[in-house]
Amino acid sequence: MQDWLTAAAGARPDHEAVEADGRSLTYGQLLDRATAVAARLAAAGVGEGDRVAVTHPPGLAFAQLVHALPLLGAVLEPGPPAGSPAPRLSAAGVPAPARELDLEAVHSVIRTSGTTGEAKAVELTYANHAASAAASADALGVDSADRWLCPLPLHHVGGLGVLVRCAINHTTAVLHDSFDARRVKAELEGGGLTLASLVPTMLVRLREAGLRKTPGLRAIALGGGPIPAGLLEWAADTGIPVVPVYGMTETCSQVVAGSPGRVLRGVGLRIAQAGEILVRGPMVARGAVAADGWLHTGDLGRLDSAGLLHVEGRVKELIVTGGENVAPLEVEQALLAHPAVADAGVAGLPDPEWGEVVTAFVVLREPVGEGALLVWCRERLESFKAPKKVHIVESLPRNSGGKLLRSRLAGGAQGP
């Protein structure tokens with residue numbers, strides 16, 4: 001089969017493929033640009049199987065490189081933007097050869113976010129991306145007029161997946177080089193977008209910026225971290241269509257969608273005896289599958305009587321206090337339900353008596369005392385789950401995708 005860009009350019013040459021940097025390219029133009037980039041890379045010695053690091057900011061140059069590499073059989077290895085200017089592109093050079101797509105070949109190597117330890121490099125094949133796009137289409141639908149807003153980093157799978165899915169579906173990706181609440185609010189309220197991908201912290205900032213309408217928007221795919229208490233209720237009351245999604249780099253993005261989560265078509269999912277979520281399916285990276293045939297996600301969860309998934313935190317992040325297990329996410333949700341709390345993170349700090357003590361770090365939107373927050377939690381949680389200490393901090397450590405870096409929380413124990 002043809003590579004995705006060539007197929008899209010053949011089917012819809014004049015349809016807008018990608019919009020970024022205040023400019024846009026049709027699929028025909030994008031194929032011409034990608035072919036020129038591939039020619040330059042081929043002249044420089046890049047060939048089949050070679051890994052090419054791409055550190056351009058999200059934009060047209062990044063999109064061209066993403067689509068140029070399959071023309072050579074080379075592998076995309078995106079990294080955080082290095083701040084270097086985009087290269088000047090020219091059609092001069094050795095023509096890139098036409099290639100048939102090998103679905104089992106590696107398309108990209110994506111590094112995990114490393115929220116609980118060292119980041120891992122995950123090899124994702126063309127088949128993984130194709131299966132992920134099909135699962136996403138099943139969850140969110142596909143329309144020929146779709147315009148998908150992506151203010152996420154493109155070196156993470158959540159952002160890259162938007163660019164790839166749009167090419168597979170011959171629709172339009174709208175890329176932002178970073179998240180700006182006012183800019184995103186204006187685009188969402190202005191109409192013309194049908195889909196968007198956000199992480200919870202972005203939607204919180206949009207709520208604070210006064211987002212009130214999203215004409216024409218079919219869904220906001222919301223993933224990448226725990227959703228603060230009350231956020232989905234606010235979206236529903238406001239008429240903003242939010243679809244929580246669950247997935248990870250090793251699953252090439254979403255495998256569950258909805259609130260609570262519906263397991264997507266083609267995905268196998270079960271809960272191990274210890275409560276860990278296990279996943280398998282064509283979107284799961286080969287190298288991430290254990291000997292038993294399942295991806296062990298490291299996430300805790302449960303399936304309800306309707307077969308819907310409820311994610312309850314990370315296995316490695318469980319706090320063991322006095323012999324009892326505490327999921328930090330549950331405590332964070334209780335704190336985030338307090339009207340004065342803007343953000344919250346919970347970790348277990350070493351304690352000679354209890355082993356670990358539940359410790360909270362909160363960012364306030366208005367003044368409130370530590371004692372009041374402790375009482376709030378005790379009224380809503382079992383006694384062993386309630387924090388023993390609350391630290392007021394100016395901000396929480398998060399990565400570029402908005403995920404909480406829980407292992408760094410202890411560094412804020414002294415407060416601002």
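Here are a few friendly notes on two parts of this predicted model.

1. Some ground rules come first. Residues are numbered from 1 along each chain as its sequence is written, and side-chain values use heavy atoms, leaving out hydrogens and water. Because the model is predicted, local features need pLDDT of at least 70 and side-chain atom pairs count only at pLDDT 80 or more, while totals for chains, interfaces and linings use all residues.

2. Let us start with helix 1 (residues 4-11) and helix 2 (residues 27-43), whose axes come within 8 Å and cross at roughly 145°. Helices (H or I, at least four residues) and strands (E, at least two) are DSSP runs, numbered from the N terminus. Axes are lines fitted to C-alpha atoms, for helices over the stretch in contact, and angles run from 0 to 180 degrees between N-to-C directions.

3. Which residues meet here? From helix 1 come L5, T6, A8 and A9, and from helix 2 come Y27, G28, L30, L31 and A34. Contact here means heavy atoms within 4.5 Å. By class, this contact of helix 1 with helix 2 has 7 nonpolar, 2 polar and no charged residues. Ala, Val, Leu, Ile, Met, Phe, Trp, Tyr, Cys and Pro count as nonpolar, Asp, Glu, Lys and Arg as charged, and the others, Gly among them, as polar.

4. In helix 1, the buried residues are W4, L5, A8 and A9; buried means under 20% relative accessible area, exposed over 50%, and partly exposed in between (1.4 Å probe, protein chains only). They lie on the same side of helix 1 because they cover an arc of only 130° around the axis, the arc being that of the directions from the helix axis to the C-beta atoms. Their cover includes helix 2, helix 3 (60-72), strand 5 (106-111), helix 4 (126-140) and helix 5 (157-169).

5. Now for a sheet: three strands form an open sheet in the order 20-21-22, with mixed pairing. Two strands pair if DSSP finds at least two bridges between them. Strand 20 (341-351) and strand 22 (389-392) are the edge strands, each pairing on one side only. Strand 21 (residues 355-364) runs parallel to strand 22, joined by 4 bridges, and F361 stands opposite H391 in strand 22.

6. Helix 10 (residues 370-378) packs on this sheet and touches strand 20, strand 21 and strand 22; its direction makes about 130° with that of strand 22.

7. Finally, find V368 in the loop between strand 21 and helix 10. Not counting residues up to four places away in sequence, V368 touches H338, A340 and L373.
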